Amino acid sequence: MASEATAYVFFGSDEGAAGSAALKTYTELTAGGDGWGDEMIDGAAATADEAVSIIQRAVSGLQMFNMFGGRKVIWLKGATFLGDTPSGARSEAVQEAMETLTDALENLPADTFFVLSSAEMDKRRSFFKKLGKVAEVKEFSKIDISKPGWESEVAALTLRLAKPHELTFDNNALDLFVQRVNESSRQIANELAKLDVYLGPDRRRVTLQDIDLMVAVSRNGVIFEISRAIEQNDCRLAVRLINEQLEHGEQAVSIMRAAIVPTVRNRFCARLLMDAFNIKADNYRSFESSLNKLLPQDRKMLPLKKDGTPNAYALFNAARTCGKLSLKKSRRDLRNCAIADRQLVSSQLDDRDVLHKLIISITA
């Protein structure tokens with residue numbers, strides 16, 4: 001391995017990515033060994049006492065030499081007791097046990113290596129600061145899908161994970177895949193593996209039909225399906241999907257603000273860009289370049305990413321679906337969204353009726 005560290009810590013909300021990185025490191029460390037000194041310890045603990053017992057087992061393993069000589073590698077896998085929970089990092093007993101572990105990592109016997117993976121980590125605790133000194137620590141966070149621009153991040157992650165399978169996507173297929181899955185790299189990898197098997201060795205190009213057939217719809221995916229129905233002016237489908245979400249306990253105002261308002265706003269902005277600045281939606285790169293060339297005052301009304309640049313991905317997709325939608329109609333749709341949103345939070349009108357009337361007016 002390129003790193004000269006003897007201890008490795010992988011953690012973060014993207015548990016799949018953290019686990020994959022830990023597995024890769026463990027595999028590299030154990031390659032070429034006899035296997036007698038390798039140990040994988042299950043880190044799942046329901047109580048603080050169980051957590052302490054698991055940590056003590058890891059410490060004992062680290063302090064013992066390989067009975068046959070040679071390399072020894074211990075992986076504490078999927079630790080559930082490092083987050084801010086009563087049975088985890090809040091427990092003084094767990095904190096003390098982790099201090100013992102970090103002390104052991106400072107004085108590892110020759111040719112002994114340690115790997116730790118966990119979904120959660122209370123970074124306020126002293127043991128975390130010590131881990132940073134005695135181990136190579138990497139955090140893997142899920143993409144924040146509440147922030148503009150998340151689609152391009154998920155698309156980039158999808159293409160990276162698809163590369164080992166030699167899978168490529170039609171443009172529309174990648175868009176649909178991004179919107180159907182959630183931000184978890186584990187789910188993305190699982191869906192790609194399904195597509196890999198489904199397509200077989202002779203076909204590596206993923207189509208829209210393949211996604212429709214094989215990729216499961218997450219909660220975020222349902223939100224996208226509502227948006228897609230609006231973009232296609234499919235009133236019946238949009239109403240059916242909204243009814244299903246309401247029956248499953250979803251709040252009407254959540255549907256409004258997650259699915260309807262962003263779609264209508266993006267279509268209005270896209271129409272304005274095409275009409276006022278003659279920006280075409282023929283090619284994504286040229287579309288993005290045109291947006292970045294806009295003057296600061298012209299970008300104020302656009303949805304922005306956290307770095308302050310326009311959310312080109314969402315606007316490009318909206319522009320491709322505008323069709324014959326006029327600027328006047330898109331402005332009216334946006335105004336109707338504001339009225340409906342106010343009705344949902346401040347009137348006694350039936351939520352279902354408010355959403356149905358809004359959808360009818362948008363898709364008319």
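Q: Which residue is joined to the side chain of Arg204 by a polar contact of 2.7 Å between side chains?
A: The model is predicted, so local features need pLDDT of at least 70, side-chain atom pairs count only at pLDDT 80 or more, and totals for chains, interfaces and linings use all residues. Residues are numbered from 1 along each chain as its sequence is written, and side-chain values use heavy atoms, with hydrogens and water left out. A polar contact is a pair of N or O atoms within 3.5 Å; within protein, one must be able to donate a hydrogen and the other to accept it, and residues adjacent in sequence count only if both are side-chain atoms. The side chain that meets Arg204 in this way is that of Asp196.

Q: Which backbone oxygen does the side chain of Arg204 reach?
A: Helices (H or I, at least four residues) and strands (E, at least two) are DSSP runs numbered from the N terminus. Arg204 is located in the loop between helix 7 and strand 7 (205–206). At 2.7 Å, its side chain reaches the backbone oxygen of Gly200.

Q: What is the length of the polar contact between the side chains of Lys194 and Glu191?
A: Lys194 belongs to helix 7 (residues 185–199). Apart from neighbours within four places in sequence, Lys194 is in contact (heavy atoms within 4.5 Å) with Met214 and Ala216. The polar contact between the side chains of Lys194 and Glu191 is 3.0 Å.

Q: Is Lys194 buried, partly exposed or exposed?
A: Buried means under 20% relative accessible area, exposed means over 50%, and partly exposed lies in between, with a 1.4 Å probe and protein chains only. The relative accessible area of Lys194 is 34%. Because of this value, Lys194 is classed as partly exposed.

Q: What is the volume of the largest pocket?
A: On a 1 Å grid over the protein atoms alone, a pocket is an open set of points where a 1.4 Å probe fits, with protein on both sides within 12 Å along at least five of seven lines; lining residues have an atom within 4 Å of a point. Grid points are joined across faces, edges and corners, and a volume is the space filled by probe spheres set on the points. The largest pocket has 34 lining residues, of which Glu151, Gln179, Phe224, Ser227 and Thr263 lie nearest its centre. The volume is about 910 Å³.

Q: How many charged residues are in the lining of the largest pocket?
A: Ala, Val, Leu, Ile, Met, Phe, Trp, Tyr, Cys and Pro count as nonpolar, Asp, Glu, Lys and Arg as charged, and the others, Gly among them, as polar. By these classes the lining has 14 nonpolar and 11 polar residues. The number of charged residues is nine.

Q: Which helices each supply at least two residues of the lining of the second largest pocket?
A: The second largest pocket has a volume of about 450 Å³. Its lining consists of 19 residues, and Ala17, Ser20, Arg160, Leu161 and Ser185 lie nearest its centre. The helices are helix 1 (15–30), helix 5 and helix 7.

Q: How many residues apart in sequence are the parts tied together by the pair of Phe10 and Phe140?
A: Rings of Phe, Tyr and Trp (its six-membered ring) pair if their centres lie within 6.5 Å; planes under 30 degrees apart count as stacked, over 60 as edge-to-face and the rest as tilted. The structure holds seven aromatic pairs, and among them Phe10 and Phe140 are tilted, at 6.4 Å centre to centre and 40° between the planes. Because Phe10 lies in strand 1 (residues 7–11) and Phe140 in the loop between strand 5 (136–139) and helix 5, the parts tied together are apart in sequence by 130 residues.

Q: Is Phe10 buried or exposed?
A: Phe140, at 23% relative accessibility, counts as partly exposed. Phe10 has a relative accessible area of 3% and is therefore buried.
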